[in-house]
Amino acid sequence: MPTLTILVGTMYGGALDVAEQLRPLFEQAGYNVDISEQPTIDDLTHNQNLTLFCVSTTGSGDYPGNFVSFVRGLQEKSPSLTSLRYGLIALGDSSYGDTFCGAGRALDALLGEYGATRLGDRLEVDAMETFMADDAAIPWAEEWIESQQLKVA
């Protein structure tokens, strides 16, 4: 059975809640699901299946505290991620203007620099429009599973 690794960057638990709400969808699609609240670069380089990022933005477009060392590790090691297939859910607040979903957007660009392949569109969840982020994430994940043909026979 393939594995989906969900790497979470969260300040107050919202992104973790999204990850927990999505777990059953991927399990029903035939995946073992691992959720990492303290991701490391090893989570990427040892995963040959599928990765989903759930990342909140804090401050002025910054990564949440639990995600900073993960990003630093990527920047320091500059690994080849050509085998990484991933999806990305970015959480933010549009009242912050240009830094809306800044962490998710920056992560997406960084992963692209190292050769990773994003499957489908990045979901950007706006706290100004969506009180519960999983209200937007669940339909997106259902569509993502279908459109990327991720169901395991």
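## Helix crossing

A crossing of two helices is right-handed if the near helix is turned clockwise from the far one by less than a right angle, and left-handed if anticlockwise. In this predicted model, the crossing of H1 and H5 is right-handed. H1 covers residues 14–28 and H5 covers residues 134–147. Their axes come within 10 Å and cross at roughly 35 degrees.

On the H1 side, the contact is made by Asp17, Val18, Gln21, Leu22, Leu25 and Phe26. H5 brings Asp134, Ala137, Ile138, Ala141, Glu142, Trp144 and Ile145. By class, nine residues of this contact are nonpolar, one is polar and three are charged.

## Largest pocket

The largest pocket holds about 480 Å³ of space. Its lining has 26 residues. Closest to the pocket centre are Ser56, Thr57, Leu91, Gly92 and Ala127.

Strand S4 (85–92), like H1, supplies at least two lining residues. The lining divides into 13 nonpolar, ten polar and three charged residues.

## Thr51 in strand S3

Thr51 sits in strand S3, residues 50–56. Is Thr51 buried or exposed? Its relative accessible area is 0%, so Thr51 is buried; the cut-off for that class is under 20%.

Which residues is Thr51 in contact with, leaving aside neighbours within four places in sequence? They are Leu4, Thr5, Leu7, Leu44, Leu84, Arg85, Tyr86, Gly87 and Trp144. One of them, Trp144, is also among the H5 residues that make the contact with H1.

Key: Residues are numbered from 1 along each chain as its sequence is written. This is a predicted model: local features need pLDDT of at least 70, side-chain atom pairs count only at pLDDT 80 or more; totals for chains, interfaces and linings use all residues. Side-chain values use heavy atoms; hydrogens and water are left out. Axes are lines fitted to C-alpha atoms, for helices over the stretch in contact, and angles run from 0 to 180 degrees between N-to-C directions. Helices (H or I, at least four residues) and strands (E, at least two) are DSSP runs, numbered from the N terminus. Contact means heavy atoms within 4.5 Å. Ala, Val, Leu, Ile, Met, Phe, Trp, Tyr, Cys and Pro count as nonpolar, Asp, Glu, Lys and Arg as charged, and the others, Gly among them, as polar. On a 1 Å grid over the protein atoms alone, a cavity is a set of points where a 1.4 Å probe fits but cannot get out, and a pocket is an open set with protein on both sides within 12 Å along at least five of seven lines; lining residues have an atom within 4 Å of a point. Grid points are joined across faces, edges and corners, and a volume is the space filled by probe spheres set on the points. Buried means under 20% relative accessible area, exposed over 50%, partly exposed in between (1.4 Å probe, protein chains only).
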